[in-house]
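Here is a short briefing on side-chain contacts and surface features. Please look over the model first.

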Amino acid sequence: KGPAMTEEQFTKALLTGVEAAETFKKLGYNVFGVGEMGIGNTTTSACVLAALTGKTADDVGGRGGGLTDEGLEKKHRIVDEAADRVRGKDPMEIIREVGGFDIAAMTGAYLGAARYKLPVVIDGYISAVAALAAAKIEPKSVNYMFASHKSKEPGYVLAMEELGVKPIFDLGMRLGEGSGCPITFKILETACATMNGMATYAEGAIDADYLDQRKEGNFF
């Protein structure tokens, strides 16, 4: 019915995320993940996503924590009303009006990741919407983003398509909360180890002399 935050509150929340990324950098971390734990934030995320993309609640709003049909219908009505009020506005203004402090802070964290050149992992629907908002604010921030697992929320797929980022795995999970980040960290670690340590064809070429030795009976 009205703005969720004052401008001062929104700025503080956004900068809290940026400062978190700065802290990770200072502490020597080389990757971090963005997740959340909240109730009702699939609704605020749906509002933000609908406003950012021009889609309807049917496109972006799922059952969240397990809404009944009646609850889902009410959710869709509220999402459409809220999104219509802010559609076409600046991404930061959209979050300020129909988002939440969690989405604002996560958006700041993605922007901070780009600012401090840290890879960052997207986890779940809410963090995916925040990632899209960050990309709308600064498109280059996408270059630092990796997506963990594919969420069951319908809006997640839309957010990823808009971002141009593909989730690394699909475990049929209906949970964000950073749950896919530890798995993704290990996948990224493995990928980096492969790129940095695996021999090229030239470096790994096998000396074929042993084949001649075996033919001559001198292998052992």
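The charged end of Arg115 is placed over the ring of Tyr116, 4.9 Å from the ring's centre. This is a predicted model. The points below cover this contact, the aromatic pairs and a nonpolar surface patch.

**Charge over a ring**
- Arg115 supplies the charge and Tyr116 supplies the ring.
- The 4.9 Å distance runs from the charged end of Arg115 to the ring centre of Tyr116.

**Aromatic pairs**
- Two aromatic pairs are found in the structure.
- Phe24 pairs edge-to-face with Tyr29, at 6.3 Å centre to centre and 90° between the planes.
- Phe24 also pairs with Phe32, and this pair is tilted: the centres are 4.8 Å apart and the planes make 45°.
- The Phe24–Phe32 pair counts as tilted because its 45° falls between the 30 and 60 degree limits.
- One aromatic cluster takes in Phe24, Tyr29 and Phe32.

**Exposure within the cluster**
- Phe24 has a relative accessible area of 27%, so Phe24 is partly exposed.
- Phe32 has a relative accessible area of 7%, which is under the 20% limit, so Phe32 is buried.

**Nonpolar surface patch**
- Phe146, Ile168, Leu171, Ile183 and Ile187 make a nonpolar surface patch of about 390 Å².
- One of these residues, Ile168, belongs to strand E4, which spans residues 167-169.
- Ile168 has 35% relative accessibility and is therefore classed as partly exposed.
- Patch residues need over 30% relative accessible area, and Ile168 has 35%.

Notes
Residues are numbered from 1 along each chain as its sequence is written. This is a predicted model: local features need pLDDT of at least 70, side-chain atom pairs count only at pLDDT 80 or more; totals for chains, interfaces and linings use all residues. Side-chain values use heavy atoms; hydrogens and water are left out. Rings of Phe, Tyr and Trp (its six-membered ring) pair if their centres lie within 6.5 Å; planes under 30 degrees apart count as stacked, over 60 as edge-to-face and the rest as tilted. Buried means under 20% relative accessible area, exposed over 50%, partly exposed in between (1.4 Å probe, protein chains only). A charge sits over a ring if NZ of Lys or CZ of Arg is within 6 Å of the ring centre and within 35 degrees of the ring normal. Patches are made of residues with over 30% relative accessible area and no salt bridge: like charges are joined within 9 Å, nonpolar side chains (Val, Leu, Ile, Met, Phe, Trp, Tyr) within 5 Å. Accessible areas come from the Shrake-Rupley method with a 1.4 Å probe; for residues, only the protein chains shown count as cover. A salt bridge is a side-chain nitrogen of Lys or Arg within 4 Å of a carboxyl oxygen of Asp or Glu. Helices (H or I, at least four residues) and strands (E, at least two) are DSSP runs, numbered from the N terminus.
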